[in-house]
Amino acid sequence: MELAKRLNRLPPYLFVEINQKIAELRARGEEVISFAIGDPDLPTPSHIIEHMCQAARDPTNYRYPETAGLPELRQAIAEWYERRFGVTLNPAKEVLPLIGSKEGIGHIALCFIEPGDMALVPDPGYPPFSLGTILAGGEPYFMPLKEENDFLPDFKAIPAEVADKAKLMWLNYPNNPTGAIAGLDFFEKAVHFAQQHHLAICHDAPYTEIAFDGYKPPSFMQTPGAKKTGVEFHSLSKTYHMTGWRIGMVVGNADMVDALFKVKSNLDSGIPQAIQYAAVEALRGSQEHIAEHNAIFQRRRDKLLKVLNEIGLKARIPKATFYIWAKIPQGYTSMDFTKKLLDEAGIAVTPGTGYGKEGEGYIRLSLTISDDRLEEGINRLSAWHARNCHCEER
Ligand SMILES: Cc1ncc(COP(=O)(O)O)c(C=O)c1O
């Protein structure tokens, strides 16, 4: 048996050792408090589940789904974009449902990247942006997201020959892992840069509805010229707490949407229809849970930030996403610090380097943890810090 060489180009999975340690601790009966996973602990609202159950009992949904998505779902997605962002989309040509946005993010590289081609990818960034590029035979060019630039890429720092060679540019705001946000002025600059260098933009926006302090993140599609230049990936995972049901969408440039449909229609057979009907209900039904759940995340954010700042893990206050991107003390790598927290406090976080080289010096903590686990985590962090300070003083 000989595996394809492209698999060797995938970077090693950084979390093997950490996951092993967590498994060992748990096997010994020790409880690990995990801030490591960005998977909402709050339930899918019950009216959505009800619709899914009803649709699951309907024999017409036992069969292969429509790969392009139910027309009703495409329409519901277009209506949602109109209501939420004032963006008008043609549901037949500018909307495509996905089996979770990650699936489309991975597959779209096949539409653009030939062997040796480049894609501009944020660092730190959600790993599938670069991994999709690599699997398609291309080369990611990493755009550093620096704190001093508010975690926005500096387009002027990208060499012109790289920008000209690149086919795609990935952006993601509100941002995982940094929690940073971007305004329409930034998106306008991105469109201008993309037009100058004949790039297609893929904006990934699953966190636009997880926002705090009255902030309402914009959609890239609101930008003049966005539809000419790119698409936006979105998801029901975070907004409706539906990560397990696997449903998302891509919207925008009709040629890009069509290209992705060509790839997908040859590789998958669409989203189970009962889940598509659940998504229609999610998008058209009550949106009340969003404010309620954001209030919960905001309360958790404030509690965790307070203790992080007290113990010297400085972090900006994220206006959106359920992530805190905290600076670790000098003298540690992100990985060493992550291991130390796990060994000494039974706390799991994600090392910043899991999202790229520029993540060095940071850890990511997710607020998708129940309130009682959060309290326990906070107590452990304070006690751990007190023990460490005491040792250092002696
Ligand atoms: C930035 C980003 N994009 C996409 C996804 C994937 O979402 P989905 O569940 O729709 O595949 C995630 C999930 O964590 C994410 O953080």
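**A tour from the ligand outwards**

Start by selecting Asn-176: one of its polar side-chain atoms lies 2.8 Å from an oxygen atom of the ligand. That makes a polar contact, a pair of N or O atoms within 3.5 Å (within protein, one must be able to donate a hydrogen and the other to accept it, and residues adjacent in sequence count only if both atoms are side-chain atoms).

Before moving on, note that this is a predicted model, in which local features need pLDDT of at least 70 and side-chain atom pairs count only at pLDDT 80 or more, while totals for chains, interfaces and linings use all residues. Residues are numbered from 1 along each chain as its sequence is written, and side-chain values use heavy atoms, with hydrogens and water left out.

Now pick Ser-235, where a polar side-chain atom is 2.6 Å from a ligand oxygen. At Ser-101, a backbone N or O atom lies 2.8 Å from an oxygen atom of the ligand. How much of the ligand does the protein bury? The protein buries 92% of the 400 Å² that the ligand exposes when taken alone (accessible areas come from the Shrake-Rupley method with a 1.4 Å probe; for residues, only the protein chains shown count as cover).

Next, show the 14 residues around the ligand; Asp-204, Tyr-207, Ser-235, Ser-237 and Arg-246 come nearest (a residue is near if one of its heavy atoms lies within 4 Å). Helix H4, residues 101-107, gives the most to this shell, with 3 residues. Helices (H or I, at least four residues) and strands (E, at least two) are DSSP runs, numbered from the N terminus.

**A three-stranded sheet**

Colour E9, E12 and E11 in that order: these 3 strands form an open, antiparallel sheet. Strands E9 (323-327) and E11 (350-351) are the edges, each pairing on one side only. Follow E9 to E12 (residues 362-366), to which 5 bridges join it; two strands pair if DSSP finds at least two bridges between them. Along the way, Tyr-323 stands opposite Ser-366 in E12.

**Backbone stops**

Most residues other than glycine have a negative phi, and most peptide bonds are trans. Select Pro-124, in the loop between strand E3 (118-123) and helix H6 (128-135): the bond from Asp-123 to Pro-124 is cis, with omega near 5 degrees. Then go to Pro-174, between strand E5 (166-172) and helix H8 (184-197), where a cis bond joins it to Tyr-173 with omega about -10 degrees.

Finish at His-241, in the loop between strands E7 (230-235) and E8 (248-252). His-241 has a positive phi of about 55 degrees although it is not a glycine.
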